[in-house]
Amino acid sequence: MRYRSVAVGLTLAAASGIAAFALTSAAAGNSAAAPASEAKNWTPARTAWGDPDFQGVWRYEAAIALERPSRFAGRELLTDEEVARSEQQEKEQESKRLAGEEGEAVGRRSVAESPIRGNEYNSFWQDHGRPRKVYRQTSLITDPRDGQIPYTPDAQKADARTAARYGVGPYESYLDPDTGERCLTDGVTGMMWQGPNGGHNRIVQSPGYVTILHEEYRDRRIIPVDGRPHNGIRQWFGDAVGRWDGDTLVVDTTNFVDRTNYEWASIWTRPSETLHLVERFRRTDADTLEYTITVEDPQTFVKPWTAVIPISRLPDGTQIFEYACHEGNYAMPNLLSGARAEAGKKAASR
Amino acid sequence: MPTPLRRALIVIAAAVAVGGAVWTQVPSTSRGGDDPYKAPRTADGKPDFSGVWQALNTANYDIQAHAARPALALIPAPPRTGIAGLGRATPIDLPAPAVRPLGAVGAVPAGEGVVEGNEIPYQPWAAAQKKENLEHWLERDPEIKCFMPGVPRATYMPYPFQILQSSDVILMAYEFAGATRTIHMNSVGNSPSQSWMGWSRGHWEGETLVVDVTDFNDSTWFDRAGNFHSDALHIVERYTAVSPYHLMYEVTVEDPKVFTRPWKMQMPLYRRFEKDKRILEYKCVEFVEEALYGHLGVIDPATGRANK
Amino acid sequence: MRTKLTVWLAGLGIVIACVPVWAHHAFAAEFDAKKPIKLRGTIAKMEWINPHTWIHIDVKKPNGKVERWMIEGGPPNALYRRGFTKDSLPLGIEIVVEGFQAKDGSMRGNGRDLTFPDGRKLFLGSSGTGAPLDGREGKER
């Protein structure tokens, strides 16, 4: 998912009972966020077999960009004023969305200004029925401190290339659209907070396992928490092993396949054989999961980076639904047909 | 006869009786005589079916009893007479050109079938449709395109699947195409739409997990032999542990648009008890793109040359 | 992407929250921004699939001919969670579609703006308060 990082407003959403995410100094690879003094030491309920219970359907409901927008350079947190303003705006935009308004009123550019990017469909397709949440973080990335992805020079070029060719092409074969457009996956790295439908994840626990069902692409991670070792078989989602560290679930994932030569909507999610993820899941209250991910891959990043994402629990009874993307991928043949038509026109006009 | 030996013989006789009864009755908790097997319990007192399981039969080729076949896609055998210069003709249909190089890898092994009574009660139009499906297997079988296999085909595809039991839901995680089913064990609303894997509601009847599946689309097949259904399909599955390593799986199939009456399939499921056994990824979409889209773009990646 | 746009909007004094744009949609590769369409047709078929629904409409041309158009919509799952279902848009209903036509000139387009003939947008509001399938829990088959 490509986030257009325009100005971001964040707030301390104390009213909704969400813990503040203060940023401690982030040593490399360490989880940076610790609860501020306002957040109590909340203990999750237990499953019937005694593991901390994280079950339910979760969604990332804020609008914090992954990388800190230049507008907030040097600032890790927003002021209370900015936060209050953003909260108000989110409420207003939500009620306008429900009333059928489009464009600036609901946080999008106007159709006249941008008929294609950002206005492909009415807002009702993406309205989740409640306003987005506002947090104080100016970026999800907490380490490095500048909030930017520490790309290698080659990966930086790859990122720029991806942005430049998006929607432009060339689209000569099925290899040219990105992995999401091919109905493969968006990768693991952004799975807990991203997705074309808003990033829904259902966590199901059973003795010895934590299973994460991601709605988009029906991505699935069955994570053993019984202390077994990595099994060494390379997969798109790698080989994950988890363990409980008190009330925190720690997951270590290695043994990814190399798919760096595919197009990815976001370079930072692409798996390579040297990708290594360490994730920490901590339920900070009934409605919030604090998700911390440290991403290490010398092929893409000059050093590991860490992001902290506050994820919200949806009401009991919320379902995630089947995602039959490949089964109905009209976009692929349409896209290829469009490219052939264009190529034909160019040839004819010579 | 000494008592321990007598006891041992009774146990052996009972085991033989159970083994012999596999195909003729579903183990039930109310069966008289020998104690039926009772699975260990989960933390909330339900039979525990957690683990990795796999069917071991040829149902995915053909759910009915079948002799071995030369290939999954066939061209009819040439007539015995009428070929100039040929002294005799092959008595069997021949593999279609597209699958011929696969040789024995592409052939169909014999199998006893899993359908009770071996008859699928198609309505007349549907019997003809099945035959046509089989003849056009290569273009029509959704398995070839890495489409989700539906229920119950997902259960008896030749790959392991995992049962993960939580209190509210039971997940069935399949390898093929990464298909997953969420079986709702508490009350749940209706499905908002049709789906490939259906909408599953489960409950316990003693030792048996009963799953009621509805809201299918019409796009899956039951096997590679063209057996199909409509969007009126209604499936009831029954899973019962008959030993620490076996589940007995029984399926009732109902589809008033296609069949004249409900019918059943039955088969054992075997526990994959290797240490730390996991199910693995089978993300086959990537494997079928060349077949589906290679010829549609400006260039074909398989050859690097322009498509005409 | 990160810098230019940010500065411009900051200058406008607008605090616009980061909107996840429709990624995985090489839109410009499929549809042509130079070929706007506005169609009025009745729904013949609706495919509730991800990540794009597809609405097939019958459009009656002035000469009496009926054309079957395929219109690409957004993903259905958020609608499901707000209580809409596959029966929420019955066949035969008339809708107005504004968008762009397919690049290859075929009878396909994106449904950027989907409304009823009176101008109301489809799928407006939630069936309840945003809680999933409001009122539908507990309905056993």
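Helix H5 of chain B packs its buried residues against helix H3 (331-348) of chain A. The model is predicted. Chain A averages a pLDDT of 86, and chain B averages 91. In chain B, nine strands close into a barrel. Chain C holds three helices and six strands.

**Helix H5 of chain B**

- H5(B) spans residues 285-293, and its buried residues are Val285(B), Glu289(B) and Tyr293(B).
- Seen down the axis of H5(B), these buried residues fall within an arc of 60°, so they line one face of the helix.
- Phe287(B) and Ala291(B) are exposed and sit on the face of H5(B) turned away from its buried side.
- The partner of the buried residues is H3 of chain A, residues 331-348.

**Chain A: overall make-up**

- Chain A has three helices and 12 strands.
- Of its 350 residues, 54% are buried.
- Take the contacts in chain A between residues at least 6 apart in sequence: 65% of them join residues at least 24 apart.

- Strand E9 of chain A, residues 248-254, shows alternating side chains.
- Leu249(A), Val251(A) and Thr253(A) point to one face of E9(A) and are buried.
- E9(A) pairs with strand E8 (residues 239-245) of chain A in the antiparallel sense, over seven bridges.
- Within that pairing, Val241(A) has Asp252(A) in E9(A) as its bridge partner.
- The hairpin of E8(A) and E9(A) has two residues between the strands, and Gly246(A) takes a positive phi near 65° there.
- E9(A) also pairs with strand E10 (residues 276-285) of chain A, again antiparallel, over six bridges.

- Strands of a sheet pair through backbone hydrogen bonds, either parallel or antiparallel.
- E5 (residues 169-174) and E6 (residues 180-184) of chain B run antiparallel and are joined by five bridges.
- Met172(B) stands opposite Arg181(B) in E6(B).

- Domain 1 of chain B covers 40-64 + 114-290, and domain 2 covers 70-107.
- The C-alpha centres of domain 1 and domain 2 of chain B lie 33 Å apart.
- The loop between strand E2 (74-75) and strand E3 (94-95) of chain B includes Pro91(B).
- Pro91(B) is exposed because 7 other C-beta atoms lie within 10 Å, and the cut-off for exposed is 12 or fewer.
- From Pro91(B) to Pro109(B) the C-alpha distance is 18 Å, for a sequence separation of 18 residues.
- Ile83(B) lies in the loop between E2 and E3 of chain B.
- Ile83(B) is exposed too, with 11 other C-beta atoms within 10 Å.
- Leaving aside residues up to four places away in sequence, Ile83(B) touches Pro78(B) and Ala89(B).

**Chain C**

- From the N terminus on, chain C runs α-α-β-β-β-α-β-β-β.
- Buried residues account for 43% of its 141 residues.
- Among contacts in chain C between residues at least 6 apart in sequence, 52% join residues at least 24 apart.

**Confidence**

- In chain A, 88% of the residues score a pLDDT of at least 70.
- Residues 1-38 of chain A have a pLDDT below 50, and this stretch has 143 contacts in the model beyond near neighbours in sequence.
- In chain B, 88% of the residues score at least 70.
- Residues 16-32 of chain B have a pLDDT below 50, and this stretch has 14 contacts in the model beyond near neighbours in sequence.
- Where pLDDT is low, the predicted coordinates should not be read in detail.

Note on methods: Residues are numbered from 1 along each chain as its sequence is written. Chains are lettered from A and ligands numbered from 1 in the order in which they are written. This is a predicted model: local features need pLDDT of at least 70, side-chain atom pairs count only at pLDDT 80 or more; totals for chains, interfaces and linings use all residues. Helices (H or I, at least four residues) and strands (E, at least two) are DSSP runs, numbered from the N terminus. A residue is buried if 20 or more other C-beta atoms lie within 10 Å of its own, exposed if 12 or fewer, and partly exposed in between; C-beta atoms are placed from the backbone. Two residues are in contact if their C-beta atoms, placed from the backbone, lie within 7 Å. Domain bounds come from an automatic or database domain assignment. pLDDT is the predictor's confidence in each residue, from 0 to 100. Two strands pair if DSSP finds at least two bridges between them. The arc is that of the directions from the helix axis to the C-beta atoms.
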